[in-house]
2 protein chains.
Amino acid sequence: LALITDKKVVVLVGGVGGAKLALGLQQTIAPENLTIIVNTADDFWHYGLRICPDIDTVLYTLSGRVNPQFGWGVADDSTITLDSLRTLGEDPWFTLGDKDMATHLLRTHMLRQGHTLTEIVAHLATQMNIQPNILPMTDAEVATVVNTVEYGKLDFQEYFVKHRWQPTLKDLSFEGIENAMLSTQAQAALADADMILFGPSNPWLSIAPILAVNGMRSALLARPVPRVAVTPIIAGKAIKGPAAKIMGELGYEVSAQTVADYYGDMINGFVYDQRDTPLKSHGLKTVAFDTMMKTSEDKRRLTNNILAWLDKLEAI
Amino acid sequence: LALITDKKVVVLVGGVGGAKLALGLQQTIAPENLTIIVNTADDFWHYGLRICPDIDTVLYTLSGRVNPQFGWGVADDSTITLDSLRTLGEDPWFTLGDKDMATHLLRTHMLRQGHTLTEIVAHLATQMNIQPNILPMTDAEVATVVNTVEYGKLDFQEYFVKHRWQPTLKDLSFEGIENAMLSTQAQAALADADMILFGPSNPWLSIAPILAVNGMRSALLARPVPRVAVTPIIAGKAIKGPAAKIMGELGYEVSAQTVADYYGDMINGFVYDQRDTPLKSHGLKTVAFDTMMKTSEDKRRLTNNILAWLDKLEAI
């Protein structure tokens, strides 16, 4: 299959779902024309290491390293260090594989040497032979804090991993977001994009922090090109993770419509699933496809469908 | 074998050689009466982790975890993370085993939480079921810098591990030593000691930094008890490591006598090896034993011999 070489594409993603779309795009778009901007509000310090779950999921997915069963982590990894931590009386609730650990060590090392996260991700991507451009949403440290009914405020990974997103969400905040600037690299990619996609990631946990980075909203609104979100909700259910649960807890109807409305004027197009009823478009261009991405072929088909639809739209 | 319960012993040690004597003492002295003060000038930051080679060698030796072939590191350890770092283009010259890694992660984590190194070592020792009291020489960060003919100044682990102590030493310095205070725990142990031993560790690299901690020399001189060094040199050769090589490069005769003279008034007794000629004592009490410690029985015999000799000396 020939790669599409005449379109510059930027995609905004969180973890597993977004990484799948990014993999589809990697199989479709010429690598020099593809930029993936990744949420970093899930990042945290753990045992002295800087962990970037969404960035690592994208790196591992695009390099073919990912554990296919989980959609995150490295395939065929072991947990010798983690097991040894347990013998030292620790209760390490966040999985750190032994192969995976190398990524955290190198990242932490480079951060302490004074490199930006953008530089570090570029280095890791190069070392993993990934060609498209992967960018963290910002170089600043941002931390999602989840306010819950049961426990009050929780750090994101405590909520997400330790408590398996079971506590009831009251609201969310992104600590440090006031200092988070859009990097010059992200700004340049957006300014040059022929189309901008929002991955089928959690709108509140993954895409909202990206949109909250200083300069992001105006950079998006400045682009008179397709800005199209792919639904993370199919037939009232999240494909993966807590998106549907969170929507309910925040008082929304669990639907693709809610996601489209939430993104508001950030988007001008929306891809919903063919299992769903058509959206009330409010001027949005909408289209229905099979948005489930299980196989590699699913990913390629969905991205091809989206790109063909956008081509046709432009031609009208 | 009954433990000796009426003697409080403090021993000053570096890495492998000192740890062996400490193990002999652990098999001989009641645990509540044994304090091991460990050099920390070899400590360094590596891939974002705080590594304390001498402390870990003591912890692993006294807990039975140590790799018997090397005398350091954990037995039956693997290097999955290290191998993964190599696939990311790194050249990690310092061995970090996967089991060993847990120690570094927990230590770094606790340091970042604000715990002192003394507290952290106590916690690690407890988790490893070690009963004697292991103390870092200080809670401050001290870094041995080795000035070499071939490369100029090298960080200690670069000199010791990366260059396998082959560069020619011109002189040494202990960066940060001016801020290194003797901890209250070390001070209390010394003030209470019935005998103080200097392990068969490298006098310049392992014992000198301990003696250079502010308050250590006066704390030693204040004690009217046996302060006895065990030779690291047998028949003009170091038992292990660069002690003999360094002595030569610094212009000394390679002998137990040189070590005794180097320690000067810090000691009032010296154990040399039975293969050597008697020391010119200069008022020092001296004795010759078999100081090679290969087997567990060797360690116990040497410590028993030293303690019996000191008992006899006191009785005179």
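Two strands are taken to pair if DSSP finds at least two bridges between them, and helices (H or I, at least four residues) and strands (E, at least two) are DSSP runs numbered from the N terminus. The model is predicted, so that local features need pLDDT of at least 70 and side-chain atom pairs count only at pLDDT 80 or more, whereas totals for chains, interfaces and linings use all residues. Residues are numbered from 1 along each chain as its sequence is written, chains are lettered from A and ligands numbered from 1 in the order in which they are written, and side-chain values use heavy atoms, with hydrogens and water left out.

In chain A, strand 10 (residues 227-230) and strand 13 pair in the parallel sense over three bridges, with A:Val230 standing opposite A:Val271 of strand 13. Strand 13 of chain A is also joined to strand 14 (residues 285-289) of chain A by five bridges, and these two strands run parallel; here the bridge partner of A:Phe270 is A:Thr286 in strand 14. Strand 13 of chain A (residues 269-273) is mostly covered, five of its five residues being buried, where buried means under 20% relative accessible area, exposed over 50% and partly exposed in between (1.4 Å probe, protein chains only). In a regular strand the side chains alternate between the two faces of the sheet. Both faces of strand 13 of chain A are covered, with A:Gly269, A:Val271 and A:Asp273 buried on one side and A:Phe270 and A:Tyr272 buried on the other.

Elsewhere in chain A, three strands form an open sheet in the order 7-6-8 with antiparallel pairing. Strand 7 (152-155) and strand 8 (169-175) of chain A stand at the edges, each with a single partner strand, so one side of each is left without a neighbour in the sheet. The twist averages 25° from one strand to the next, where axes are lines fitted to C-alpha atoms, for helices over the stretch in contact, and angles run from 0 to 180 degrees between N-to-C directions. Strand 6 (residues 143-148) of chain A is joined to strand 7 of chain A by four bridges in the antiparallel sense, and A:Val145 stands opposite A:Asp155 of strand 7.

In chain B, helix 11 (residues 256-263) is mostly covered, with six of its eight residues buried, namely B:Ala256, B:Gln257, B:Thr258, B:Val259, B:Ala260 and B:Tyr263. These buried residues pack against strand 9 (195-198), helix 8 (203-212), strand 10 (227-230), strand 11 (233-234), helix 10 (243-249) and strand 13 (269-273) of chain B, contact meaning heavy atoms within 4.5 Å. Just after helix 11 of chain B, B:Gly264 takes a positive phi of about 50°.

A nonpolar core is defined as a set of buried Ala, Val, Leu, Ile, Met, Phe, Trp, Tyr and Cys residues joined through side-chain atoms within 4.5 Å. Of the 110 residues in the largest such core, A:Ile36, A:Ile134, A:Ile306, B:Ile36, B:Ile134 and B:Ile306 touch the most other members. Leaving aside neighbours within four places in sequence, B:Ile134 is in contact with B:Ile36, B:Val38, B:Val58, B:Leu59, B:Leu62, B:Val121 and B:Ala125.

Over all chains the structure holds 22 salt bridges, each being a side-chain nitrogen of Lys or Arg within 4 Å of a carboxyl oxygen of Asp or Glu. One of them joins A:Glu249 to A:Lys245, with the closest N and O atoms 2.8 Å apart; both residues lie in helix 10 (residues 243-249) of chain A, four residues apart, about one turn of the helix. A:Glu249 is partly exposed, with a relative accessible area of 24%, and A:Lys245 is likewise partly exposed, at 23%.

In chain B, the side chains of B:Asp311 and B:Lys7 meet in a salt bridge (3.4 Å, N to O). B:Asp311 lies in helix 12 (residues 296-315) of chain B and B:Lys7 in the segment before strand 1 (9-13) of chain B, so the pair ties together parts that are 304 residues apart in sequence. B:Asp311 is partly exposed, with a relative accessible area of 42%, whereas B:Lys7 counts as buried at 12% relative accessibility. A further salt bridge is formed between B:Arg50 and B:Glu141, the closest N and O atoms being 3.7 Å apart. B:Arg50 is buried, with a relative accessible area of 6%, while B:Glu141 counts as partly exposed at 47% relative accessibility.
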